[in-house]
Structure formats: C-alpha cells, structure tokens
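Please keep the sequence and the 3D view open while working through the points below.

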Amino acid sequence: MPQTLFDKIWQRHQVVGESASAPATVYIDLHLVHEVTSPQAFSVLRERGLSVRRPDRTLATLDHSTPTRAAELYGALRPGPATTQIQTLQKNCADFGVPLYDLDSRERGIVHVIGPELGASHPGFTIVCGDSHTSTHGAFGALAFGIGTTEVGHVLATQCLLQRRPKTMAVNVNGRLAPGVSAKDLILAIIGRLGVGGGTGHVLEYRGEAIAALSMEQRMTVCNMSIEAGARAGLVAPDDTTLEYLHGRRFAPRGRDWAAAVSRWRALRSDDGAVFDRSVELDASALAPMITYGTHPGMVMPIDGTVPASQRSALDYMGLSEGQRLIGQPVDVVFVGSCTNSRLSDLRDAARVLRGRKVRDGVRALVVPGSQQVKRDAEAEGLHEIFLSAGAQWRESGCSMCIAMNGDAVGSGQYSVSTSNRNFEGRQGRGARTLLASPMTAAAAAVTGRVTDPRQFL
Amino acid sequence: MEPFVSLTSRTVVLPAEDIDTDQIIPARFLTTTTRAGLGQHLFSEWRYLDDGTPDPSFTMNMRQSQGAQVLVAGHNFGCGSSREHAPWALYDFGIRVVISTQIADIFRSNAQKNGIVPILVNDEIHQWLLTHPDVAVTVDLESMTLRLPGARQVEFELDPFARHCLMQGVDQLGFLLAQTSDVDAFERDQPLTPAIAVAS
Ligand code: SF4
C-alpha cells in the first residue's frame, strides 16, 4: 500500500505497536532541551534515581530566559528566578552528562535554530523538545513535535514516548510566491485558511511547486508555525535542497555514512497514490504580504486589506475596529527575531529594506539573531552595520521579545510589528499588541513608523 | 497523582474561544523550577487588575465560582505552547475537568498526565453548559458519562490508556520503564543514523 512520508517515519520508530488499550511506544532519535520546560523533568529523574538513557541523542541550550545584551549575558547574571532556571539547566546537564550549549558557547542559540544549523536534525528522524515550535525541524522531513515536561522526563529516562497515531493532512501549495511575499506570509495564509485549531490531531505535509522552490530556511519558517494551526507537526519531504543544506554540517553523516544516509533519505517521500486523511490546496502566486490583526495567528489578513468582522474582545484588546485598514497604523516597536524568522536569510530580508534608511523616531527596533552562528554570519556580511546605522538594536541570540521572559518586552498598549509566531494577549508583555508579519514587513514598519506594505521598498 | 474516578462539582464558565496557554499562564511565570504554587498565576491577565488586586468582574473571582472544579471553556481550549505549567496551574487552582468542543493536542496530553480530565462535548451540550453557569455536574470515568441537572446524561470518550492512568492515579513513566528490554532490542536492530556526538 502506498505510504505517506509520515507513515514511513512512524512505522520505523515503533518500539511497541499501538493497541486499543495502549498507545504506541515511539523511539526518539533526537531530544532537544532548554531551560524552561526541563527542570521538573530532571527532578523526576532524581526522585526516582534514573539516569538519562541517551545523552548522545540529547542536546541542550539556553535561549528562553537568557539575556540578549552582551554585558548581561557574559557578565554576572542578575539574581532572580530566570537566572536560577539557567543555573538549574547547567547543573542538570553537568550531573546527567547531557551536552549543553552554554551561555558562552559559540554554538548557543534558539533551540530550533541550532538543531538544523549544527546538522543535528536529519531527514526521517523523530525529534522532540519541550517546546511547541519543534515542528520547525519538520523542514528536513523529520517527524518533529512539541511535548510537555512530563514527556521530557519520559524521553530523558527511556528515549521513548507514548503516542497515538495522528491523522495526516496534505497541504498542497501551487504556483510561486511573488516578489516581496515571503515564506512567513505563506504560512500565515495557510493558518488563516485552516484556522487556529484547524490542524488539531494532524501532521501536515507541505507539498507542491511553491514548497519545492523554498530554501531550507524558508521551509523552517513554514514548518515552525504548523502548531499555530493546531497541528501536531508539519513536514516537507527531503530533496536536493535538503541534502545541500546538510552536507558538511557538524553532525551530518560523513564519507561513506553520508552516501548511505542519502540513499535512505531519498526514499523519504509520500508514495504516489498515498492517502491523506485530509487535504487543502493553496495558490502561492495569489498571496500578498500578510499581517495579523487579532489575538491569535489565525486572525490574519493581506496587508492591503481591511480588518474583518471578528471577536469583539480580540479587537478591543488590539484597539482596532472592523473595516479599518491596517496600513498607516502607527507602530511603537519592531522585533525581528524568534525561531520563525531569525536566520541569516531573514536578517538579509530585513536589511534589504533598512539599507540606507533610518528607523523612524519614536520606534524601538530590535534585531535578535537566532544563534551566535547567525550573528557571526550576519556580521561577516556587514548586516549589523546596516541595522545599527539605521538606529536598530543588534543583540546576542535568544528568544527575546518573542516570549518576553528575559526583560525584552513591549509596553502595555503599544503596537509591535513582530516576526515571531504568537500574537496572543500578553505574549510580548502585559497589554502588548502584536502584529505578526514577515521580516520585510517588520523592517518597512520600522522605517515609516507605521504598518507599511514592504513591496514599495523593494 | 490522585486517582480520578468520579467527581461532582459546580461548573465555572469561560466562554471565550481559542483560550491559549499564554492566557492560562503567562510566560513571565514560567521561570519556576518546581510545579508548586502556580495556581495563583492562573489566568493572571484576566483575574487581576493592573494594581494586582482581583478583578471582581472576572467569573473565577466571583463568589459562586469558588471551589468549582469543572471548567467549561469555549471552542479550542489550550492552544499554543507546550508548557505543562498550564495544567499544573489549573490543577493547583483546583480544576479537575475541562469541557469544550475542541481541546488542543499538547494541552490535552499534558492535562491527562496531571489528573485533569479533558472532555469533548457536542455543540448542543456545549451551548447549554455555556449558557447555564454554576450548575452541578458529575463526571464519572467508570461509566464515562457526564451527568447534567435534570437526570440528563451524556457519554464522552477518553483514550483507554489515559483513562486507566487517571483512574489508577498512576503515571506513564512506570509503563515505559517496563518496556526497557523492547527499547534495548530496538536500538540493537534498527540501523539508525549515528547518534549526535558530545558537543565541544
Ligand atoms: S523564539 Fe519564541 S517560539 Fe521560538 S522557541 Fe523561543 S520562545 Fe518559543
């Protein structure tokens, strides 16, 4: 019987098959760990006298509550709960032998940026992390999904998870994205189509001409936000683009192992005639830059459109009204960063708009690279100079204003155009009003101090 | 985890749709390294006024809601992040059952592992519950029924394994550890790609 890509990965990782009375025991190839969702899991291991079964399949980093100012990051951390959390992970990793990309590591960064960057996220892998945006790694044709802290403990102790088989959904994207329309706009449009809960219980497979034409970084942006449609995971079948990206990276197979891996990976695609539980079609060429207007990522519209009728409470929170245009809406903060849009190509997109221009007076613009490696790469091509001379802040890597846990926050009532992935109430700070958009749209807003169609700057 | 067999409680209703985990517990309270005491931050943005005092107009702060253990929420409850702090906060506050027409995957999985029963009902029952706050209902895992006032009774579904764990009050780690020899065999037999080397 023809199988989907998901079926192939699922089948190969069954340690014990699913039955009516118990879920499947699924083997996990790579477990990513960060400071926020792991402390209680390590505590359980301690309470029960357990060890980490496969430290060599576990990778930890510090990103969520980590400072992005160099003086704080490399100096003395301010005492407080965030620092305690950082120190707790450091101790847990030392005690349990888990490799940690520590505060001073050249490889540190947002967990979903460094996994791919180090070549640790392989096609066909099962990858989990106590973080819902683990779906990012699906860009490599891996089955990657977020888990809770209890499950983090399960994987640390047993390298396995108990899972029921999810359903599958094909997301077929035809045509090509127009200039000025990015992968971020595409995924926002997909979420708008499915709705914020429309993917619940499903693993999405992104397919079609538009997806094949995307770079790996763009595919990561798309897969990253699968969870915002409620999906368990999102993935893209590996192809030449995937192999080119992986080849030569630190944890990618080498020599003969590489050749063997490539021949395995080539089989990782949905067979012709494979049946999905659901499918949707989208035309990429019809898309404009997208922007959210509400309090979840499904409340999204083309940037040149008007705010549609929606839940009163959401519009009240946002201070917007039905029928209003967003173009011209004054903006207080611009954030370019997060595991959705903090890779080199995202920074290049923002720099393209900011080059030779200035951040508008009164706008606070923050550019936070996804990893220290991205930071070095960006600096090597002089992107930081473009940002700094425009008047934007250029920081060390981390989650920063995506989740506002480290002190980088948007003020109450302020509008932020943000390249992150969640516009929930209070996500970027209490009372913060978040408009999600692409790096180009964010940079355009920084220049004009208003919501602006980035295509006029290209 | 305390076993959950049957519970009778009044309901507290939050009709908003798509209540996300950032609403259930905002990220700034996630810097904890234990599970204790998160109930005070539950629905923090809604429960407290700017000066930190309880907002008297928020349902959960009203006198009739005190002690309610069954939360009836709008469609698609618990979307967003994987933070288990969300069910920890609900449990610590006293919530043992969440009823909606759709509950997000990761939240549901986390809830079940922490003694909270996620129940999906149809639109009709949901509407009735949303429009009749503070009614006494009984949730019974033995018969898998939700009993409403007036001898009305609806059945609901739960994964049999999750149900077993909830009713026995056992966690799943023991179950997984009992499969260690299967995992050993899997690792021996499966030609998986080499593991990740230790970081430098
Ligand atoms: S950047 Fe934001 S969404 Fe991504 S891992 Fe960090 S906090 Fe989560």
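In this predicted model, strands β5(B) and β6(B) form a hairpin with 4 residues between them, and M144(B), which lies in the turn, has a positive phi of about 55 degrees.

**Hairpins in chain B**

- Strand β5, residues 136-140 of chain B, and strand β6, residues 145-148 of chain B, run antiparallel and are joined by 3 bridges.
- Within this pair, V139(B) has L146(B) in β6(B) as its bridge partner.
- Strand β6(B) is also joined by 4 bridges to strand β7, residues 152-155 of chain B, and these two strands again run antiparallel.
- In this second pairing, R147(B) is the residue that stands opposite Q153(B) in β7(B).
- The hairpin of β6(B) and β7(B) has 3 residues between its strands, and here G150(B) takes a positive phi near 80 degrees.

**The sheet of chain B**

- What is the order of the strands in the open sheet of chain B? Its 7 strands follow the order β4-β3-β2-β1-β5-β6-β7, and the pairing is mixed.
- The edge strands are β4 (117-120) and β7 of chain B, each of which pairs on one side only.
- From one strand to the next, the twist averages 30 degrees.
- The parallel sense is found between strand β2, residues 70-73 of chain B, and strand β3, residues 97-100 of chain B, which pair over 3 bridges.

- Chain A has an open sheet of 5 strands with parallel pairing, arranged in the order β17-β16-β15-β18-β19.
- Strands β17 (393-394) and β19 (433-436) of chain A stand at the edges with a single partner strand each, and therefore one side of each is left without a neighbour in the sheet.
- The partner of β17(A) is strand β16, residues 364-367 of chain A, and the two pair in the parallel sense over 2 bridges.
- Between these two strands, V367(A) stands opposite W394(A) in β17(A).
- Helix α16, residues 439-448 of chain A, packs on the sheet and touches β15 (333-336), β16 and β18 (415-418) of chain A, while the direction of the helix makes about 150 degrees with that of β15(A).

**Where the two chains meet**

- The contact takes 64 residues from chain B and 71 residues from chain A.
- Together the two chains bury about 5,700 Å² between them, and 56% of this area is on carbon and sulfur atoms.
- How many salt bridges does the rule find across the interface of chain B and chain A? The count is 9 salt bridges, and one example is formed by the side chains of D171(B) and R48(A), at 2.2 Å from N to O.
- Polar contacts between chain B and chain A number 27 residue pairs, with both residues at pLDDT 80 or more.
- Several helices of chain B each supply at least two residues of the side that touches chain A, among them α3 (85-93), α6 (160-168) and α8 (180-189).
- Helix α8(B) gives the largest share of that side, namely 6 residues.
- By kind, the residues of the side of chain B that touches chain A divide into 25 nonpolar, 22 polar and 17 charged.

Note on methods
Residues are numbered from 1 along each chain as its sequence is written. Chains are lettered from A and ligands numbered from 1 in the order in which they are written. This is a predicted model: local features need pLDDT of at least 70, side-chain atom pairs count only at pLDDT 80 or more; totals for chains, interfaces and linings use all residues. Side-chain values use heavy atoms; hydrogens and water are left out. Contact means heavy atoms within 4.5 Å. Buried area is the accessible area (1.4 Å probe) that two parts lose on being put together, summed over both. A salt bridge is a side-chain nitrogen of Lys or Arg within 4 Å of a carboxyl oxygen of Asp or Glu. A polar contact is a pair of N or O atoms within 3.5 Å; within protein, one must be able to donate a hydrogen and the other to accept it, and residues adjacent in sequence count only if both atoms are side-chain atoms. Ala, Val, Leu, Ile, Met, Phe, Trp, Tyr, Cys and Pro count as nonpolar, Asp, Glu, Lys and Arg as charged, and the others, Gly among them, as polar. Two strands pair if DSSP finds at least two bridges between them. Axes are lines fitted to C-alpha atoms, for helices over the stretch in contact, and angles run from 0 to 180 degrees between N-to-C directions.
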